[in-house]
2 protein chains.
Amino acid sequence: MNSKELFSQIKSKQSFLCVGLDTDPAKIPQYLQREKDPIFEFNKQIIDHTAEYAVAYKPNIAFYEALGPKGWESLQKTLEYIPKEIFTIADAKRGDIGNTSKLYAKAFFESMDFDSITVAPYMGRDSVLPFLEFKDKWVILLALTSNEGSEDFQIIPSSDGELLFESVLKKSRQWGNPDNLMYVVGATRGENIAKVRALVPDHFFLVPGVGAQGGSLEDVAKYGMSKQCGLLVNSSRGIIYAGKDMDFGKKAGEEAEKLQKEMAILLEKYL
Amino acid sequence: MNSKELFSQIKSKQSFLCVGLDTDPAKIPQYLQREKDPIFEFNKQIIDHTAEYAVAYKPNIAFYEALGPKGWESLQKTLEYIPKEIFTIADAKRGDIGNTSKLYAKAFFESMDFDSITVAPYMGRDSVLPFLEFKDKWVILLALTSNEGSEDFQIIPSSDGELLFESVLKKSRQWGNPDNLMYVVGATRGENIAKVRALVPDHFFLVPGVGAQGGSLEDVAKYGMSKQCGLLVNSSRGIIYAGKDMDFGKKAGEEAEKLQKEMAILLEKYL
């Protein structure tokens with residue numbers, strides 16, 4: 001999928017919502033535990049009820065890896081169940097030396113058929129470039145994350161006055177282009193989203209931290225929207241755990257719809 | 001395992017060798033392909049022939065993840081086959097927000113029983129701390145890696161004149177202690193190993209980059225050795241692919257022994 005196709009889906013759904021499939025066996029409704037693959041059954045119902053409002057799905061790989069081989073099977077089945085036109089993100093935060101990154105890329109882009117993977121930048125270009133060699137696949141590079149610890153290193157000012165996440169953006173924008181490289185940009189500081197947008201005017205951002213982590217959707221749109229929207233705003237817990245009983249799918253759909261309606265207004269206002 | 005136990009193993013084996021189990025199905029001897037689990041059969045023979053010379057084994061998780069669910073099974077079997085007194089490292093380079101890092105920790109420390117995991121520092125403290133909560137388990141934090149791209153960000157000088165990897169060391173040494181926190185320190189620049197040693201005098205280093213990547217074992221010992229040795233020097237390809245035929249195990253053992261003998265001399269010289 002390229003950025004044009006992604007933008008056209010955003011326009012037709014009037015949404016830039018990404019649903020995070022961070023499915024925790026301890027948090028899914030009791031009655032599903034009887035199923036052969038409770039994780040997949042849960043995801044299936046979430047997808048059924050949210051697909052009309054979402055342009056992307058993002059399973060965080062840790063939730064599946066923690067379950068061993070059967071977790072990987074649930075992940076694979078989930079991925080196959082997601083409608084083809086919806087963008088898929090393996091939230092894996094991988095990154096290793098060249099040959100090894102290539103293996104991770106094969107795992108997520110070939111063995112599985114994800115459209116994109118999140119990658120950590122610390123090891124530099126040869127840890128990122130192997131992922132960019134796959135046609136129609138994307139790297140989503142960590143730039144400015146939404147967690148507390150993002151302050152530890154990401155905002156260290158260099159001797160040139162550049163914050164570390166700015167150095168990451170400036171270097172990495174030469175490695176890819178707006179059709180194969182996105183950035184993770186947390187929602188928790190509006191002014192920083194503006195700084196990132198100034199450095200990479202045309203790249204898509206994957207934005208965590210709206211809702212549970214306290215970021216404002218209005219600020220994200222105001223400071224982050226590009227000519228092609230350029231935003232995928234993620235919500236995980238707020239949607240998938242909106243309900244606790246048999247109607248959890250319906251509740252998830254309602255939360256997704258609520259966000260979609262807010263997004264439609266913001267697209268009207270800022271695009 | 002604590003650092004004292006690790007040091008006692010180093011002294012008794014006169015070795016600080018870590019063998020990297022980066023097992024690639026395309027590179028293992030043809031005849032093994034007939035086996036039900038060629039990867040495990042390969043690892044088994046490597047372990048049989050190198051265990052007396054090695055104090056640690058380090059499977060790079062990408063090699064197993066790339067093979068899907070059956071790769072995870074090969075990894076699990078390999079881990080169980082490694083003699084209990086030998087230190088095990090899941091080279092996974094994980095790191096995510098708190099709750100998610102905890103899931104990765106459970107995957108590698110509980111579902112599997114690795115002694116340690118490599119972790120990327122970019123997301124800061126809450127991505128690292130959850131791994132440190134497990135008793136007798138270790139984080140091996142990326143500080144200064146041995147790949148080309150390590151120059152992109154790790155040596156950016158801050159406005160205080162501190163290189164990024166130095167900031168990583170200074171902050172993170174407050175998160176753990178020499179009994180639960182090691183650092184990845186590449187062998188390719190001797191003077192940098194000395195800089196790292198000055199900042200964390202008592203922590204163990206996992207040192208890649210000797211051999212294939214051009215680092216000198218003598219320099220690593222000269223600049224990096226601590227009072228408790230404090231070094232685990234990794235060799236992967238140089239050992240596991242030393243032979244291509246039925247005698248690959250024997251050849252691997254010979255290479256491991258060669259390194260062990262060099263290490264014995266260096267322990268005598270610098271400890």
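Chain A and chain B bury about 4,700 Å² between them, and 59% of that area is on carbon and sulfur atoms; buried area here is the accessible area (1.4 Å probe) that two parts lose on being put together, summed over both. This is a predicted model, in which local features need pLDDT of at least 70 and side-chain atom pairs count only at pLDDT 80 or more, while totals for chains, interfaces and linings use all residues. Residues are numbered from 1 along each chain as its sequence is written, chains are lettered from A in the order in which they are written, and side-chain values use heavy atoms, with hydrogens and water left out.

**The interface**

In contact terms (heavy atoms within 4.5 Å), 52 residues of chain A meet 52 residues of chain B. The count between the two chains is nine salt bridges, each a side-chain nitrogen of Lys or Arg within 4 Å of a carboxyl oxygen of Asp or Glu.

**Salt bridges**

Over all chains, the structure holds 33 salt bridges. Here are four of them:

| Pair | N to O distance |
|---|---|
| Arg125(B) and Glu148(A) | 3.4 Å |
| Glu65(A) and Arg94(B) | 2.9 Å |
| Lys135(A) and Asp136(A) | 3.4 Å |
| Asp37(B) and Lys77(B) | 2.9 Å |

For burial, the scale is relative accessible area: buried is under 20%, exposed over 50%, and partly exposed in between (1.4 Å probe, protein chains only). Glu65(A) and Arg94(B) are both buried. In chain B, Asp37(B) is buried with a relative accessible area of 13%, whereas Lys77(B) is partly exposed at 35%. There is also a network of salt bridges that links Lys58(A), Asp91(A), Lys93(A) and Asp96(B).

**Aromatic pairs**

Now for the rings. A pair of aromatic rings is described by the distance of the centres and the angle of the planes. Rings of Phe, Tyr and Trp (its six-membered ring) pair if their centres lie within 6.5 Å; planes under 30 degrees apart count as stacked, over 60 as edge-to-face and the rest as tilted. By this rule, the count comes to 19 aromatic pairs over all chains. The rings of Phe153(A) and Trp175(B) have centres 6.1 Å apart and planes at 55°, so this pair is tilted. Both Phe153(A) and Trp175(B) are buried. Ring pairs also link Trp72(A), Phe108(A), Phe114(A), Trp72(B), Phe108(B) and Phe114(B) into a cluster.
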